[in-house]
Amino acid sequence: MHTFDRALVLGPGGHVGTAWTAGLAHGLRRDGVDLGEADLIVGTSAGAIVGALLATGQDPGRLATSARQPAHRVRADPSRMGQVFAVLGDRGLEPGEARRRVGRLALDTTDPEAEQALIAGRAALIGADAWPERRLLITAVDATTGEPVVWDGDSDVPLVHAVAASSAFPGAAPPVAIDGRRYLDGALRAGTNADLAAGARVLVVVEPMAHLFPREPLDRQLEAVGADTVVTIGPDPASVRAFGSDPGDLAAWEPAYRAGLRQAGDVIARLRSAWRAEADAG
């Protein structure tokens with residue numbers, strides 16, 4: 001049984017995924033579909049950044065350039081990231097154990113300066129420090145226990161810290177401390193985390209990294225949601241080329257944003273009827 005009309009799920013994708021999602025959302029708003037009007041927004045990692053921006057009523061066009069990134073940037077550790085992906089790729093590991101092993105890799109070294117730079121950078125990107133009235137869910141994973149968490153405005157967790165934790169992928173960013181515990185990227189829970197949109201009549205899923213991962217896990221989540229109308233959007237071949245080979249490459253920010261802006265014109269027809277029909281009905 002449906003409990004609300006429209007849900008928006010925004011998936012992970014590093015710097016390029018953040019920029020592309022923001023460009024897509026800005027282009028759609030320009031053409032008459034405001035994703036920020038969703039009754040529920042689920043944000044994971046890059047999606048948490050753009051989700052927080054949309055839920056707080058801001059224009060995603062403010063992310064057209066990477067100028068909002070702080071001067072002191074978090075440095076990625078390719079070796080550590082390789083170890084993380086090796087753990088995640090081990091099909092013999094139970095998911096909870098895989099998350100705990102990834103957590104141990106993330107906790108191996110601590111860098112308070114990098115953590116503060118991460119939080120400052122997320123604050124600059126989202127441009128808000130208070131949870132919105134609109135329902136916003138942000139995902140993360142406890143680095144010690146491997147247990148997933150889902151925060152909202154009632155969780156007593158600062159919005160900026162929630163977004164920073166959700167986008168703290170081990171090897172690319174340090175874990176984020178909240179109330180004495182450290183948290184990791186929400187993509188470690190279930191990728192795009194579309195299952196959290198259960199109850200929606202219309203569901204829009206934006207998945208910046210759709211070209212890199214198999215479709216089956218998302219399809220299972222969508223089946224569990226049971227929405228009447230589902231629209232999934234991933235990068236087209238031109239957007240993938242704009243991303244380049246490194247999702248964390250800030251030099252690809254502007255090309256990725258422009259690619260999302262352009263692609264909005266190609267997907268607007270798929271969205272307009274369902275999105276506006278629900279708005280008019282409401």
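A pocket, as I use the word here, is an open set of grid points with protein on both sides within 12 Å along at least five of seven lines. I note at the outset that the model I am reading is predicted.

**Entry 1: the second largest pocket**

I looked up the second largest pocket and found that its volume is about 360 Å³. Its lining is made by 20 residues, and the ones that lie nearest the centre are Arg 75, Thr 109, Asp 111, Ala 114 and Pro 174. When I asked which elements give two or more residues to this lining, I found helix H4 (95-107) and H5. Sorting the lining residues by class, I wrote down 10 nonpolar, 4 polar and 6 charged.

**Entry 2: the cavity**

I then turned to cavities, and a search of the whole structure gave 1 cavity of 30 Å³ or more. The largest cavity has a volume of about 30 Å³. Which residues line the largest cavity? I listed Thr 109, Thr 110, Asp 111, Glu 115, Pro 174, Pro 175 and Arg 182. By class, this lining has 2 nonpolar, 2 polar and 3 charged residues.

**Entry 3: H1 and H2**

Next I followed helix H1 (residues 14-30) to where its axis comes within 8 Å of the axis of helix H2 (residues 46-55), and I noted that the two cross at roughly 30°. The crossing in which H1 passes H2 is right-handed. From H1, the residues that meet H2 are Gly 14, Gly 17, Thr 18, Thr 21, Ala 22, Ala 25 and Arg 29, while H2 brings Ala 46, Ile 49, Val 50 and Leu 54. The residues of this contact divide into 6 nonpolar, 4 polar and 1 charged.

**Entry 4: H2 and H5**

Last, I looked at H2 against helix H5 (residues 112-126), whose axes come within 9 Å and cross at roughly 40°. By class, I counted 5 nonpolar, no polar and 1 charged.

Notes
Residues numbered from 1 in each chain as written. Predicted model: local features only at pLDDT ≥ 70, side-chain atom pairs only at ≥ 80, totals over all residues. Heavy atoms only, no water. Axes fitted to C-alpha atoms, helices over the stretch in contact; angles between N-to-C directions. Helix = DSSP H or I, 4+ residues; strand = E, 2+ residues; numbered from the N terminus. Left-handed = near helix turned anticlockwise from the far one by under 90°. Contact = heavy atoms within 4.5 Å. Nonpolar A, V, L, I, M, F, W, Y, C, P; charged D, E, K, R; others polar. 1 Å grid on protein atoms, 1.4 Å probe; cavity = no way out; pocket = protein on both sides within 12 Å on 5 of 7 lines; lining within 4 Å. Points joined across faces, edges and corners; volume = space filled by probe spheres on them.
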